[in-house]
Amino acid sequence: MALLFTAFTAIFIANARIPMLSGDNYAEWKEKVLLTFGCSDLDLVLRGEEPHILTESSMPVAKINYERWERSNRLSLMLMKAHISQSIRGSIPNSDKVKAYMKAIDEQFISSDKTLASTLMKRLSSMTFNRSRTVREHIWR
């Protein structure tokens, strides 16, 4: 019972610190999600491969391993989806596997980062300084 309480407490405390993924905080969000998975022992789904589907002849150890992996996958997905804003969640292809869902999120934000960097570089290179304010103010506007 103490182990269950400790795991629940770790999930609750870490869950409270995960920011809502809103688009501009992807790196922080991912770091906190991975930390939460590790602290609450839900990272099994990210550390290992999915076990083979159970059959009637599966060994008891295989059944236990599959149940642990499935629980880790299910809870991790719920935790991730609970911390993604609705507007972003709609643009990410849904998946029932954490690894695939995390990869889809990674791809969404890697392309967004490249687009933003390109836009900012174009804007910076086309600016002209007219001495109406300081250089710093000019760059920040």
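Modeller: Contact here means heavy atoms within 4.5 Å. The model is predicted, with local features requiring pLDDT of at least 70, side-chain atom pairs counting only at pLDDT 80 or more, and totals for chains, interfaces and linings using all residues. Residues are numbered from 1 along each chain as its sequence is written, and side-chain values use heavy atoms, leaving out hydrogens and water.

Biologist: Which residues does Ile105 touch?

Modeller: Not counting residues up to four places away in sequence, Ile105 touches Leu21, Tyr26, Trp29, Met80, Ile84 and Ile92.

Biologist: Which members of the largest nonpolar core touch the most other members?

Modeller: Among its 22 residues, these are Leu21, Trp29, Met80 and Ile105. Helix H6 contributes the most, six residues. A nonpolar core is a set of buried Ala, Val, Leu, Ile, Met, Phe, Trp, Tyr and Cys residues joined through side-chain atoms within 4.5 Å.

Biologist: Why is Ser58 called buried?

Modeller: Buried means under 20% relative accessible area, exposed over 50%, and partly exposed in between (1.4 Å probe, protein chains only). Ser58 has a relative accessible area of 18%, and therefore counts as buried.

Biologist: Where is Ser58 placed, and what does its side chain reach?

Modeller: Ser58 lies in the loop between H3 and H4. Its side chain reaches the backbone nitrogen of Thr55 at 2.8 Å.

Biologist: What makes Met121 count as exposed?

Modeller: Met121, found in helix H6, has 55% relative accessibility, which is over 50%, so Met121 is exposed.

Technical notes
Helix = DSSP H or I, 4+ residues; strand = E, 2+ residues; numbered from the N terminus. Polar contact = N/O pair within 3.5 Å; in protein donor to acceptor, adjacent residues only side chain to side chain.
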